[in-house]
Amino acid sequence: MESKPKQTRKRKPKGLGDTIEQITTATGIKKIVKFIAGEDCGCTERKEKLNKIFPYFKPNCLDEDEYNYLTEFFSNKKSSIKPSEQTKLLSIYNRALNQKQEPTTCGDCWRDIIKKIKTLYDAYESNWSIWMVSDKHSLRYKLKAIS
């Protein structure tokens, strides 16, 4: 009795570099390049760089409570964030942006987190009036991109 080859679970590509790697592997180009250039052909570094430059990223939409919280949060200019605010912002960041960020005391990290949340919020806010006309009962709107 023949044994079936072990099926490996394909992971979702993180970006353009992963997609190119999948294509070159499927077509046999990767083997040819490795044969000609050797094991250290620079493919891994190139893949990581392309993933960083051209990531695939699909954020989740804000729910009504998150939207209302962020509206209140961004309406007040603050120089510091309370621990309770950090917890709520981190919860929104992790859920809406598909992240696994742990609590941190790093100021630069928080600036980056808030900047990304603000970008999401602004994209949501700019599409709010269009969304309200098309769907009054749902708080789901697909955002096209976040920088």
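Mentor: Helices (H or I, at least four residues) and strands (E, at least two) are taken as DSSP runs and numbered from the N terminus. The model is a predicted one, in which local features need pLDDT of at least 70 and side-chain atom pairs count only at pLDDT 80 or more, while totals for chains, interfaces and linings use all residues. Residues are numbered from 1 along each chain as its sequence is written, and side-chain values use heavy atoms, with hydrogens and water left out.

Trainee: In what order do the elements of the protein chain run from the N terminus on?

Mentor: The protein chain has 7 helices and 0 strands. Read from the N terminus on, the order of its elements is therefore α-α-α-α-α-α-α.

Trainee: What percentage of the residues in the protein chain is buried?

Mentor: Buried means under 20% relative accessible area, exposed means over 50%, and partly exposed lies in between (1.4 Å probe, protein chains only). For the 147 residues of the protein chain, the buried share is 26%.

Trainee: Why is the pair of Y69 and F73 called stacked?

Mentor: Rings of Phe, Tyr and Trp (its six-membered ring) pair if their centres lie within 6.5 Å; planes under 30 degrees apart count as stacked, over 60 as edge-to-face and the rest as tilted. The structure holds 5 aromatic pairs. For Y69 and F73 the centres are 6.4 Å apart and the planes meet at 15°, so the pair is stacked.

Trainee: Where do Y69 and F73 both lie?

Mentor: The two residues are 4 apart, about one turn of the helix. Y69 is partly exposed, at a relative accessible area of 23%, whereas F73 is buried, at 8%. Both lie in helix α4 (residues 64-75).

Trainee: How are the rings of F73 and F74 arranged?

Mentor: F73 and F74 are both buried. Their ring centres are 5.2 Å apart and their planes stand at 75°, so the pair is edge-to-face.

Trainee: Which residues form one aromatic cluster?

Mentor: Y69, F73 and F74, already discussed, belong to this cluster.

Trainee: Which lysine lies over the face of F74?

Mentor: A charge sits over a ring if NZ of Lys or CZ of Arg is within 6 Å of the ring centre and within 35 degrees of the ring normal. The face of Y69 has K88 over it, at 5.8 Å from the ring centre. Over the face of F74, at 4.9 Å from the ring centre, lies K118.

Trainee: With which residues is K116 in contact, leaving aside its neighbours within four places in sequence?

Mentor: K116 is found in helix α6 and is partly exposed, at 32% relative accessibility. The C-alpha atoms of K116 and Y93 are separated by 8.0 Å, although the two residues are 23 apart along the chain. Contact means heavy atoms within 4.5 Å. With those neighbours left aside, the contacts of K116 are Y93 and L97.

Trainee: What is the value of phi near which N98 lies?

Mentor: N98 is in the loop between α5 and α6 and is partly exposed, with a relative accessible area of 44%. Most residues other than glycine have a negative phi. For N98 phi is positive, near 55°.
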